[in-house]
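I opened my notebook for a first look at this model. I wanted to note loops, surface and pocket.

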Amino acid sequence: MKVVFQISTEVSGEQPTVIVQAKENSIETQHLMAYIRQYQSETVSLVTVKVEEEIVVLKVETIILLDVIEDELLIYTTERLVCTKERLIHFFQRIKNKHFVQISKHAAINVNHLQSLSESFAGNMTAHLTQDNQSVVSRRYVKDLIARLSV
């Protein structure tokens, strides 16, 4: 990959313009553009969760696994399990963290807590996480997870 910096008087405002040029729009260029977008957004270190009649503050780095069971979002952390009625996609968007990756329609993991992956049935995999947590990685999401891990 070649990285070039050019000064341009055509760029207005304080935000730089980033142009990614490639022969084709490959997985690598898509990941690069996603990385640039992620860099631009603020990283959240604390997140609040409404649990019944209280608001719980969690450190994002302590979150191991997000899993939906029936109509509840279960948030597994290094300290405790938090249950809320928030939707997974909404919570996932609020944390804005590059270390989280969706592994199924109903689950996402923090790759910093991923210890290993093992093959499961029908093309699925099992993600083994810290503190004896595990979750099934749907075959639809396996490629994304492997790409995120740069394997």
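I looked up Asp132 first. Asp132 counts as exposed because its relative accessibility is 78% (buried is under 20% relative accessible area, exposed over 50%, partly exposed in between, with a 1.4 Å probe and protein chains only). Asp132 sits in the loop between β9 (125–129) and β10 (134–137); helices (H or I, at least four residues) and strands (E, at least two) are DSSP runs, numbered from the N terminus. Its phi is near 60°, a positive value in a residue other than glycine.

The model is predicted: local features need pLDDT of at least 70, side-chain atom pairs count only at pLDDT 80 or more, and totals for chains, interfaces and linings use all residues. Residues are numbered from 1 along each chain as its sequence is written, and side-chain values use heavy atoms, with hydrogens and water left out.

Next I checked Glu52. Its phi is positive too, near 50°. Glu52 lies in the loop between β1 (46–51) and β2 (54–59). At 74% relative accessibility, Glu52 counts as exposed.

Then I turned to Val18. Val18 is in the segment before α1. Its relative accessibility is 52%, so Val18 counts as exposed.

Which element gives the most to the lining? α1 does, with 9 residues.
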